[in-house]
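Trainee: I have just opened this structure and would like to learn how to read it. Could you walk me through a few features, beginning with a helix?

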Amino acid sequence: MPTNAQVAVLRAGSDHLSVEDVELPDPGPGQVLVRNLGAGVCHSQLHEIRAQRDQTYLLGHEACGIVVSVGPDVRLVAPGDAVSVSWVPRPGAGTPWRAGAALANGEYASTDEMVFTWGTHSLIDQRYAVRIPPEIASDVAAVLGCAVLTGASAVVRTAKVEPGASVVIWGAGGVGLSAIAAARHAQARPIVAVDVSDEKLSLAYDFGATHTVNAAHTDPVAALLEITAHADGPSGADYVFDCVAQQSTLGTALAAVRRGVLGSSRGGHLVIVGVPAPGVGVSARELLIGQKTVTASLGVPTDIGTEIPLLAQWCEGGDIDLQALVTNRYELQDINRAISDLAGGRVRGRAILTFP
């Protein structure tokens, strides 16, 4: 029988969300119904909201919840399982169906990313749900599916940071803090957090930063070159992760990457983790002359079915403190305040929605 749920709805042409009652149908083939415990509020949703599209949307792409029911042919999870919901699909073919819900006026609200989590329940394809230990299944585990996955995977999967490498993390929000924790796990040193908020930089130390730089108060490139000085070669970081990806941060992040020595060594690596606006880029000349490498990482590993449980083990073992990572909680009815706080820089770590 249908499930009564509440979801946050972004009406066509609006940047204001409304909380509406919907009836979600029973799961179809390959589909899973999840009762959410918590859902992350990610910066990428700000771009979607500001776009003011001509369609009505449901949003949210990371959550933690309990499987209520499953449809035919579901093999990956079962009713009663604690799961992480992510915007990244597991390998394999999914159901030919776009996640969404029929609203009271008959309009269908769909999604861009095949999942929606800003609601009491999510009806999704099974490939977006991963079983996690029930011991960590709570509202804060919502951030496993994007913030932790994106930040940590950029360090240990995309860049494959080795012990002793120097690492700079630009942006100390939820993704950046997860990247810092992953750099500590990889035994990198030094690990330098860069931000414009002293509050965020203070939190970065708790996640493994050995140094911090406030880019609003000092020349960040000069400070980073001093911290990463090499006795036997050019200064600069072996790896710089830009979790902000604005034009201003990308330029300075690339300048902080270690230069290579012509004829003897390559330079360091810039890894773009944040979502840049159209037209934002880096200097090809700096890449060439400095023999530097730039790559991008959506934090997507080969299979979230193995990666998310591994990150859950990190959390159980204390490598990533989810309670400290989540700094702001909101009920679903306060979704617009959550969006405003995120846009205004008032979220120190990661914000989540909670569902009593």
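Mentor: Gladly! Start at the N-terminal end of α4, which Ser197 caps: one of its side-chain oxygens sits 3.3 Å from the backbone nitrogen of Glu199. Helices (H or I, at least four residues) and strands (E, at least two) are DSSP runs, numbered from the N terminus. This is a predicted model, where local features need pLDDT of at least 70 and side-chain atom pairs count only at pLDDT 80 or more, while totals for chains, interfaces and linings use all residues. Residues are numbered from 1 along each chain as its sequence is written, and side-chain values use heavy atoms, leaving out hydrogens and water.

Trainee: Which residues of helix α4 are buried?

Mentor: An α-helix has 3.6 residues a turn, so residues three or four places apart point the same way. In α4 (residues 198–207), the buried ones are Lys200, Leu201, Leu203, Ala204 and Phe207. They lie on the same side of α4 because they cover an arc of only 160° around the axis, taken from the directions from the helix axis to the C-beta atoms. Buried means under 20% relative accessible area, exposed over 50%, and partly exposed in between (1.4 Å probe, protein chains only). Glu199 and Asp206 are exposed, on the face turned away from the buried side of α4. Just after α4, Gly208 takes a positive phi of about 125°.

Trainee: What do the buried residues of α4 pack against?

Mentor: They pack against α3 (174–185), β12 (191–195), β13 (211–214), α9 (322–325) and β17 (326–331). Contact here means heavy atoms within 4.5 Å.

Trainee: How many salt bridges does the structure hold?

Mentor: Side chains of opposite charge can pair when their charged atoms come close. The structure holds 13 salt bridges, each a side-chain nitrogen of Lys or Arg within 4 Å of a carboxyl oxygen of Asp or Glu. One of them joins the side chains of Arg350 and Glu62 at 2.8 Å, N to O. Arg350 is in strand β18 (residues 350–354) and Glu62 in strand β5 (residues 62–70), so distant parts of the chain, 288 residues apart, are linked. Both Arg350 and Glu62 are buried.

Trainee: Which residues are linked in a network of salt bridges?

Mentor: Arg11, Glu20 and Glu107 are linked that way. Elsewhere, the side chains of Arg127 and Asp125 meet in a salt bridge (3.2 Å, N to O), and both Arg127 and Asp125 are buried.

Notes:
A polar contact is a pair of N or O atoms within 3.5 Å; within protein, one must be able to donate a hydrogen and the other to accept it, and residues adjacent in sequence count only if both atoms are side-chain atoms.
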